[in-house]
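Biologist: Could you walk me through a few side chains in this one, starting with the charged pairs?

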Amino acid sequence: MRRDSWMRTARSSSMRSKRHREAAAQAGLLPAEPSEPWTSPYVSVIVPIMNERRTLARVLREAAKVHPRTEVIAVVNGSKDGSLRIARRSGARVMVFDRPLGHDVGRSIGAREAQGQILLFIDADMIIPAAALRPFVDAVASGTDVALNDYSGPTRRTAVHGVVLAKHALNTLLNRPDLRGASMTAVPHAISRHALEMIGSASLAVPPLAHAMAIHANLKIARVRRVDVGQLNPLRFKRERSNSLEPLIIGDHLEAIQWVLRNTDDRGGHGDGSRKRWMVR
């Protein structure tokens, strides 16, 4: 066979082989050849979503810009307003639940599936620019285990909101008054893979509990940057009148305090001073 004839035959055979492989892959008989090598994400952004159509596209767009190797995990639960369609179009990893999961459970589920070394938690109803989210990622990348929103809530009022008081009280009990009202209850915040392994993804369903466990484990926790979520997500008066979250979140803090007492002593590790209790027993 002449050389040019042999080369044409070889090229033709190669093309047929490629077409056969592609057809087999499409039929599910062979795995499709990846267009480019897969690299694991460095940052996982977890976004619980329930009926957030108005803000969702912009929230997911900013989340995807946090780091060049970012996966956005959209936990769509109980949504009836088209949020699922928006999430799927965004390119995020989408987890779908027909019914509402309950407050903060989406964080726990998203964290369990996250592949990144840094986990960033945000909410779907607050549009926060990527530039304001990156400091939390950068803090964890630099060695912080839990990077908190430096937001303590309004305290210079005659009547301070119960949730604000609960955050300050828990930090004081945990010997971290320097954190003031900063807490894993508030987004945005980020944690390291090490922190996740120490406290477990299940604890994230009750953020004050996760917060208490992180401090008890001597993880490195810091206030990083102030994002005024009070302005971004003002009080929803209609919801608060019929289904206020205040009792639920205060209950979460009581659960965290109970955990602290079980893992220290009746006084949460605080001394009893010179009190002689035996004198009155």
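This is a predicted model: local features need pLDDT of at least 70, side-chain atom pairs count only at pLDDT 80 or more; totals for chains, interfaces and linings use all residues.

Biologist: Fine. How many salt bridges are there in the whole structure?

Modeller: A search of the whole structure gives 11 salt bridges. One of the pairs joins Glu-113 to Arg-112, with the closest N and O atoms 3.6 Å apart; Glu-113 counts as partly exposed because its relative accessibility is 30%, whereas Arg-112, at 54%, is exposed.

Biologist: And which residue does Asp-150 pair with?

Modeller: Asp-150 forms a salt bridge with Arg-180, where the closest N and O atoms are 3.6 Å apart. This pair links distant parts of the chain, 30 residues apart, since Asp-150 sits in the loop between strand E5 and helix H6, while Arg-180 sits in the loop between H6 and E6.

Biologist: Which residues are linked in a network of salt bridges?

Modeller: Arg-267, Asp-272, Arg-275 and Arg-277 are linked in such a network, and within it the closest N and O atoms of Asp-272 and Arg-277 are 2.6 Å apart.

Biologist: Changing topic, is His-189 buried or exposed?

Modeller: His-189, which belongs to strand E6, is buried, because its relative accessibility is 1%. Its side chain reaches the backbone oxygen of Ala-186 at 2.9 Å, and, leaving aside neighbours within four places in sequence, the contacts of His-189 include Arg-107, Phe-121, Phe-136 and Met-184.

Note on methods. Residues are numbered from 1 along each chain as its sequence is written. Side-chain values use heavy atoms; hydrogens and water are left out. Helices (H or I, at least four residues) and strands (E, at least two) are DSSP runs, numbered from the N terminus. Buried means under 20% relative accessible area, exposed over 50%, partly exposed in between (1.4 Å probe, protein chains only). A polar contact is a pair of N or O atoms within 3.5 Å; within protein, one must be able to donate a hydrogen and the other to accept it, and residues adjacent in sequence count only if both atoms are side-chain atoms. Contact means heavy atoms within 4.5 Å. A salt bridge is a side-chain nitrogen of Lys or Arg within 4 Å of a carboxyl oxygen of Asp or Glu.
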